[in-house]
Amino acid sequence: MKISNKNIRSFISIGTMLLGLVAIADLIFLIWSGALGNLLHGYGALVVPAIIAGAYAYLGLPIFQFNTKSNVLHIKSHMAFSSVFGKDLYILKKNILRFEIDTVRIRKKLTVHYLKDGKEFKETFSISLLSNKKIAELAKEVDLIQSENGWSSNSHLFI
């Protein structure tokens, strides 16, 4: 099953471009110092990029893809403008130790614990911009993978 929020990519790109245009317009008005030049006094050129950077820093990479159609789990998270900057995880389903889904705050995360070359690794992906319906689908897929591996999040592990 594929779970993705690629449909919001254009909205994020357009919103970021509009905020960038506001910052550029504020700089232009500051340089011309006309009647509108005193509107924000050039602070928009500082505040708008800070808002964009802060949103990316807090929410994480906004575009999320989760593909379980084969024996290899593919999870990808990247920026709205380009998939060059982001995370890509290809891991065999049988090498997955556990999943953690944190949906308590605004910043929602999926954490994957897996084995690679005999060592345990952990990778965290932002699912902040997934809808509640897609998060519920993701939780079902995670439970399905965990049950295929012979354990579930509700089972107790005894040593």
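Ground rules first. Residue numbers start from 1 along each chain as its sequence is written, and side-chain values use heavy atoms, with hydrogens and water left out. Because the model is predicted, local features need pLDDT of at least 70 and side-chain atom pairs count only at pLDDT 80 or more, while totals for chains, interfaces and linings use all residues.

Confidence. pLDDT is the predictor's confidence in each residue, from 0 to 100. The chain average is 81. Of the residues, 87% score at least 70. Contact means heavy atoms within 4.5 Å. Where pLDDT is low, the predicted coordinates should not be read in detail.

Now the helices. Helices (H or I, at least four residues) and strands (E, at least two) are DSSP runs, numbered from the N terminus. Helix 1 covers residues 9-32 and helix 2 covers residues 44-59. Their axes come within 7 Å and cross at roughly 160°. Axes are lines fitted to C-alpha atoms, for helices over the stretch in contact, with angles from 0 to 180 degrees between N-to-C directions. So helix 1 and helix 2 are roughly antiparallel. The cut-offs: under 35 degrees is roughly parallel, over 145 roughly antiparallel, 65 to 115 roughly perpendicular, the rest oblique.

Which residues meet? From helix 1, I12, T16, L19, G20, V22, A23, D26 and L27. From helix 2, G44, A45, V48, P49, I52 and Y56. This contact of helix 1 with helix 2 holds ten nonpolar residues, three polar and one charged. Here Ala, Val, Leu, Ile, Met, Phe, Trp, Tyr, Cys and Pro count as nonpolar, Asp, Glu, Lys and Arg as charged, and the others, Gly among them, as polar.

On to the sheets. Two strands pair if DSSP finds at least two bridges between them. Q65 stands opposite K76 in strand 3.

The other open sheet has three strands, in the order 5-6-7, again with antiparallel pairing. Strand 5 (96-102) and strand 7 are the edges. Neighbouring strands here are turned by 15° against each other on average, direction ignored.

Strand 5 first. Six bridges join strand 5 to strand 6, and a hairpin links the two through six residues. I96 stands opposite Y114 in strand 6. R98 has H113 as its bridge partner in strand 6.

Next pair. How many bridges join strand 6 (residues 109-116) to strand 7 (residues 119-126)? Eight. L110 is partnered by F125 in strand 7. This hairpin has two residues between its strands, and D117 in the turn has a positive phi of about 55°.

Last piece. Helix 3 (residues 132-148) lies across strand 5 and strand 6. Helix 3 runs at about 160° to strand 5.
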